[in-house]
Amino acid sequence: MIFALFVFVPVAAIAAFYVSQQRANALSSATGQRLHSRPQHHGMHSMLWVMLAGWGVLLALTVLGETLIHRILIGRVSDALPGDGPLQWNLVLSDARSIAQGTVASSTDMLREQIASSFSWMNATRLWVTALATIGAVAAVGWWTYQQITIELRARIYAENMIRRGLALMATVAVLTTIGIVLSLIFETLRFFNAIDWQLHKFLFGTTWSPLSGVFEGEMDADKVGIVPLFAGTLMITLIAMLVAVPVGLFAAIYLSDFANHRVRAVVKPVMELLAGIPTVVYGFFAVITVAPLFRDAGAAIGVPIASESALAAGMVMGIMIIPFISSLSDDVINSVPQSLRDGSLSLGATKAETIRQVVLPAALPGIVSAIVLGVSKAIGETMIVVMAAGQGPNLTGNPLEAMTTVTVQIVALITGDTDAKTAAGPAFTLGFTLFVMTLLMNMLAQRLVARFREAYD
Amino acid sequence: MADIASTIPDAAPRPGSLAAGSDRLRKRRRAELRLKIYGLSAIGIAAAALIALLSTVVFQAGGALFSTYFDKEIQLDTEFLGVTASSDPDVIRRADFDGLIERGLEERFPLATGRQERRELHDLVSGGANFELADHVAANPDLLGQSINFPLIGSDTLDLYKQGAYGRLDRQPVNGLLSVSEREDGNLDISTSANDFTDALRQVKAQLYVDADRLRRQASRQENAIRVYGERVEAAETDEERSEHLADQDLARERRDALIAQAEGLEARADGAGGAEEVDDDNVSLLIKAGGGWMRLTEVNRADASGEMLTRVELPIEDSEAWSFHIMAMPESNRPFSDHQIAWAETLDEAGLIERVFNTRFFTAADSRAPELAGIWGAVVGSFWTMLVTFSLTFPVGVLGAIYLQEFAPRNRFTDFIEVNINNLAAVPSIVFGLLGLAVFLGFFGMPRSAPLVGGIVLALMTLPTIIIASRAALRAVPPSIREAALGVGASKVQAVFHHVLPLAMPGILTGTIIGMAAALGETAPLLLIGMVAFIVEVPTGITDNATVLPVQVFRWSDFPERAFEAKTAAAICVLLTFLVVMNLVAIILRRKFERRW
Amino acid sequence: MTDVKIKAKDVQVYYGDNHAIKDVSVEIENNTVTAFIGPSGCGKSTFLRCINRMNDTIDVCRVEGDIRLDGEDINDKQVDPVQLRAKVGMVFQKPNPFPKSIYDNVAYGPKIHGMSRNKAELDEIVEKALRRGAIWDEVKDRLDAPGTGLSGGQQQRLCIARAIATEPEVLLMDEPCSALDPIATAQVEELIDELRQNYCVVIVTHSMQQAARVSQKTAFFHLGNLVEYGDTPKIFTNPEDSRTESYITGRIG
């Protein structure tokens with residue numbers, strides 16, 4: 001039904017377009033005067049208004065209605081089952097919905113049947129209200145714009161202004177997203193810091209990370225939220241990844257941009273793109289199935305104990321993932337060093353290698369550094385490889401052969417774990433906020449470096 | 001200035017003939033060659049990594065290509081089931097088909113009497129087979145009372161055994177004639193006329209060394225513990241602590257000594273020349289087929305052995321030529337498929353009752369906790385709904401936003417801010433978007449967990465910067481002359497953009513969109529946080545149903561302990577990669593076909 | 001004074017399928033400024049780039065024929081282009097100083113060729129090159145300043161000094177003044193005239209006036225062919241070929 005309404009709105013809008021266009025045409029031929037705007041602009045004007053009103057009402061009522069019904073029913077379920085948690089309440093509610101819709105529920109009982117029948121009539125009412133309101137809004141707005149059509153109506157200007165505003169609105173979605181991210185992270189973070197009485201030094205410099213052990217709802221033990229072991233793991237894995245990705249990516253970029261002929265490039269570039277397009281969960285699988293056992297067995301063969309979830313394996317695979325990232329960014333920068341500089345160096349009798357080392361690379365340095373910074377930022381924020389291949393337990397060590405955990409692993413562990421969501425949210429969102437701030441700073445640094453490079457050569 | 005030129009000292013001998021390469025030049029050329037080699041090996045490493053990754057996936061996925069079925073006749077005994085053709089289909093469905101299947105197996109192998117053995121026997125068939133049979137019969141109640149041929153899906157361990165995942169059952173060459181007789185205690189006396197068991201005896205002894213090695217490794221771990229406890233004793237501050245650590249140390253010492261003694265015992269047995277050797281379940285399995293059944297050796301010497309029946313064997317056997325001797329190298333304790341199960345599987349296979357068919361179920365079924373029943377169709381559909389939501393949000397918003405920023409936006413602080421913002425958003429880790437979805441869409445708006453709707457919105461927000469950046473680049477590439485031409489004939493700016501610039505930029509925009517969508521299709525982390533990692537057995541039918549997506553399915557399966565899931569995971573990755581490769585190919589073709597140099 | 005420095009015979013250049021230079025044969029004399037003139041796309045720059053094998057750096061470019069420097073075939077397999085380019089320096093259309101200090105720009109060539117044993121010698125080479133590039137007085141107080149910070153004319157003279165620093169025997173100049181204003185052009189032209197004392201200078205130019213001002217010999221290229229080659233005054237006053245005449249009188253170009 002909602003979907004039918006969703007489709008109905010543009011259909012009605014197109015109808016409004018033709019009706020208004022006709023009226024404008026008729027008006028102009030009846031009065032013999034030239035319209036200010038072309039008939040199709042009048043049509044466009046009506047169409048945009050109808051679309052705006054229809055979808056606006058539909059969206060508002062759907063969201064409102066769903067939320068309202070959900071709140072009311074959850075309230076009832078929680079009254080009936082005060083002993084259970086939100087997870088059970090949601091389960092009951094989803095069973096009730098299934099019963100109401102005639103599909104299979106995980107179990108049926110009196111409560112579920114009752115909720116189901118409430119849900120049935122509430123949902124039906126909601127659908128009818130939504131349908132009537134949407135159709136009403138479409139009709140009213142359509143009639144209103146239809147009435148407005150005159151010779152003088154500046155329909156084109158109005159319609160185009162609406163389009164411009166619509167476009168501007170779309171452009172601000174990105175800003176809204178950022179605001180949403182910051183807000184959603186900052187509330188829980190503040191709450192978390194309150195829970196540890198703003199002992200930030202214990203968070204930043206503490207060496208024990210075990211936020212959920214022996215705490216009650218909403219409380220935190222400031223001595224157990226030290227982020228250092230997580231950072232140690234993150235940095236160790238990042239370091240290993242960069243030790244793989246930077247030399248390989250950079251040398252590949254140098255070769256591709258200055259030595260390879262176009263046939264080699266035609267083969268290698270897609271290989272790199274393919275590597276870049278492989279989902280991280282696949283890299284994680286690769287790490288778990290192939291690389292980690294390989295290292296473990298190799299270690300066992302030479303008598304060095306290597307953990308199955310060693311930082312080394314996770315870091316290596318992450319490095320492979322970042323190779324195409326570094327190489328394509330560096331390739332771009334190296335390519336945009338002007339050919340005239342290369343010619344200048346070659347014409348003095350320098351070899352290609354000398355030209356690259358002494359002229360091209362120094363010129364491209366800011367861009368390359370920026371690529372590396374972005375690579376580090378990507379490594380820090382990477383989740384799946386470490387969730388699958390790195391350890392779960394915080395381990396403050398300098399030995400890459402041991403299992404270490406990372407910030408992202410802990411976020412996933414906290415949120416998807418069995419613990420009470422409210423308690424886990426604090427540390428998880430605080431870690432997320434820390435991660436966000438770190439990557440933001442790195443990205444801004446990288447952008448500044450690239451801007452400097454572009455200023456010099458564009 | 002001529003005077004200066006003429007007084008230049010010869011700082012270095014000027015190169016004389018062009019052809020004469022100096023040492024210095026050779027050195028410089030070598031340096032160049034080195035750089036080239038570094039570059040080539042970097043590319044080689046990248047390519048090798050890609051090949052290793054893809055071959056791992058494809059090789060592993062091979063195991064999911066086929067599944068094993070029993071093609072066994074089933075007597076639909078109305079008495080046993082307690083239903084008739086006229087019963088209600090729901091009643092028929094609830095009848096004891098499980099028992100029926102198990103009864104059939106037990107009739108075939110009457111020797112399986114113990115609880116453990118019966119369970120092993122039942123475990124040959126998948127736990128899902130009875131439901132399928134029930135559904136089939138409920139849909140065709142006329143079949144009740146008849147004997148039908150219905151393929152029952154075998155269990156994951158049976159399938160792995162058939163694939164050879166536990167190694168092959170190695171047939172040994174035999175020269176002698178076999179005699180078997182039953183002893184009073186029910187065990188069998190087995191002998192051959194030639195020393196046919198010599199090689200087997202050697203393997204059994206070799207395995208003892210392997211076991212001894214394992215024990216010694218465990219002992220050295222205890223040795224470590226002893227050292228650590230010793231350090232702790234030194235460092236202990238109170239007597240209480242000290243005595244506690246001393247006790248622990250003593251315990252570790254005991255364990256170590258026990259392990260070493262055990263290892264030495266095994267080694268002594270292995271070193272001992274000749275003599276009968278016991279074959280326990282930590283050792284290789286020695287199986288004999290003769291007299292219409294299978295036996296297992298429990299003690300072996302060169303020419304004679306003791307054993308037990310796995311399936312019924314016609315006794316006694318005297319100087320028979322018709323026998324075969326097999327070795328399974330993987331010890332029984334290391335595999336979830338027992339010697340009994342091997343004997344049953346081989347018997348059924350020989351009777352032509354086991355078949356391996358292409359695993360279509362994998363592409364049509366939804367998730368399951370049993371590897372042999374699990375499929376990816378649910379995840380594929382979930383991915384479809386999620387991508388539908390993502391695309392229908394991110395494409396219009398991204399393209400229209402890009403049009404505004406590139407064509408209409410005035411150059412001011414706010415638009416600069418938007419631009420910086422978009423660039424920064426592109427580098428925000430995906431997991432942060434998951435937290436956003438959790439807090440805003442699930443927490444604040446109360447949208448359903450695990451639904452493609454929320455997953456799609458989160459991925460849309462994540463993809464948005466990519467699409468805006470790509471669309472802006474495509475719009476920027478359209479030369480200003482096109483805009484000027486349109487404006488010159490009296491089009492408004494909106495008309496110029498929508499009629500002329502946008503169509504020309506469309507191929508570039510689509511390419512960027514496809515690449516962004518491909519990234520979204522492979523994304524996992526944010527979806528974990530909004531609950532799309534739940535176990536969902538039904539194929540979702542809309543954007544608010546519980547659903548999972550392909551990459552999350554991969555993650556879930558990779559986490560399961562059953563070995564058969566490894567192959568399923570790899571197969572799911574193959575499906576995912578196929579989608580991604582197709583998307584990327586379309587993007588590349590689009591780019592090639594419509595790439596325009598202005 | 002009329003010893004032949006460069007002798008080209010039947011030179012062909014192809015860009016992919018495009019036959020860019022056809023059967024060019026020319027003898028270029030030492031201690032002379034030779035100007036290549038001709039309309040855009042006539043191949044004069046392409047031919048210039050053959051002389052120090054800069055065309056090697058372009059994938060699709062193929063050079064045939066025989067070019068000899070002091071009688072040695074420069075396209076011989078034994079010849080390393082690196083060594084050739086040390087002998088045959090080049091100055092480009094657009095000034096292209098490296099993003100390094102003025103000193104490092106000039107010292108770059110001598111360093112890679114190992115022409116100095118110590119810093120003092122290198123200093124000397126740099127100073128001499130800058131003096132001969134007629135830019136020493138302007139930059140002697142700021143040798144550590146970036147070369148990209150100089151004005152266009154100064155940059156171009158820096159590039160000439162850079163080319164001179166490696167002690168070449170031939171100096172190729174590809175429209176060295178096309179990006180410069182008239183005053184800077186005059187300074188560079190003056191410099192070219194002085195360089196003639198020690199080098200064989202070949203200059204590609206778009207401007208016939210410039211060719212007339214700085215060169216002793218002139219070659220006229222048209223559509224990849226060398227149409228006419230001779231003493232500059234003769235080419236400009238009494239050309240033999242009608243195409244040359246059309247060009248210098250401004251009817252084609």
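Within chain A, residues 24 or more positions apart account for 72% of the contacts with a separation of 6 or more, two residues being in contact if their C-beta atoms, placed from the backbone, lie within 7 Å. The model is a predicted one, in which local features need pLDDT of at least 70 and side-chain atom pairs count only at pLDDT 80 or more, while totals for chains, interfaces and linings use all residues. Residues are numbered from 1 along each chain as its sequence is written, and chains are lettered from A and ligands numbered from 1 in the order in which they are written.

Chain A contains 15 helices and 0 strands; helices (H or I, at least four residues) and strands (E, at least two) are DSSP runs, numbered from the N terminus. Its radius of gyration is 31 Å, well over the 23 Å that the globule rule gives for 458 residues, so chain A is more spread out than a compact globule. The radius of gyration is taken over C-alpha atoms, and the globule rule is 2.2 Å times the number of residues to the power 0.38. The C-alpha trace of chain A spans about 90 × 75 × 45 Å along its principal axes. Of the 458 residues of this chain, 48% count as buried. A residue is buried if 20 or more other C-beta atoms lie within 10 Å of its own, exposed if 12 or fewer, and partly exposed in between, with C-beta atoms placed from the backbone.

The largest nonpolar core has 341 residues, of which A:Ala287, A:Ala314, A:Val317, A:Ile385 and A:Ala389 touch the most other members. Helix H7 (residues 228–259) of chain A contributes the largest share of this core, 18 residues. A nonpolar core is a set of buried Ala, Val, Leu, Ile, Met, Phe, Trp, Tyr and Cys residues joined through C-beta atoms within 7 Å. Neighbours within four places in sequence aside, A:Ala389 is in contact with A:Gly284, A:Ala287, A:Val288, A:Ala292, A:Glu309, A:Ala313, A:Ala314 and A:Val317. A second, separate core of 21 residues includes A:Ala16, A:Met51, A:Leu61 and A:Ala137.

A:Ala171 lies in helix H5 (residues 155–195) of chain A and is buried, with 27 other C-beta atoms within 10 Å. When its neighbours within four places in sequence are left aside, A:Ala171 is in contact with B:Gly401, B:Tyr404, B:Leu405, B:Ala409 and B:Ile418. A:Ala171 and A:Ile385 are 214 residues apart in sequence and 33 Å apart in space, C-alpha to C-alpha.

In chain B, helix H16 (residues 452–477) has 26 residues, which at 1.5 Å a residue should span 38 Å; the end C-alpha atoms are 35 Å apart, which agrees. The expected span of a helix is 1.5 Å times one less than its number of residues. H16(B) has a kink of about 40 degrees at B:Thr463, shortly before the proline B:Pro465; the bend at a residue is the angle between axes fitted to the seven residues ending there and the seven starting there. H16(B) is mostly covered, with 22 of its 26 residues buried.

Chain B also has an open sheet of 3 strands in the order E4-E1-E14, with antiparallel pairing. Strand E4 (152–153) and strand E14 (354–358) of chain B stand at the edges, each with a single partner strand, so one side of each is left without a neighbour in the sheet. Strands are taken to pair if DSSP finds at least two bridges between them. Strand E1 (residues 66–70) of chain B and E4(B) pair in the antiparallel sense over 2 bridges, and B:Tyr69 has B:Ile153 of E4(B) as its bridge partner.

Chain C has 10 helices and 10 strands. Its radius of gyration is 18 Å, which agrees with the value near 18 Å for a compact globule with 253 residues. The C-alpha trace of chain C spans about 55 × 45 × 35 Å along its principal axes, and buried residues make up 51% of the 253 residues. Of the contacts in chain C between residues at least 6 apart in sequence, 69% join residues at least 24 apart.

Strands E9 (residues 217–222) and E10 (residues 225–231) of chain C run antiparallel and are joined by 6 bridges. C:Phe221 has C:Leu226 in E10(C) as its bridge partner. The hairpin of E9(C) and E10(C) has 2 residues between the strands, and C:Leu223 takes a positive phi near 50 degrees there.
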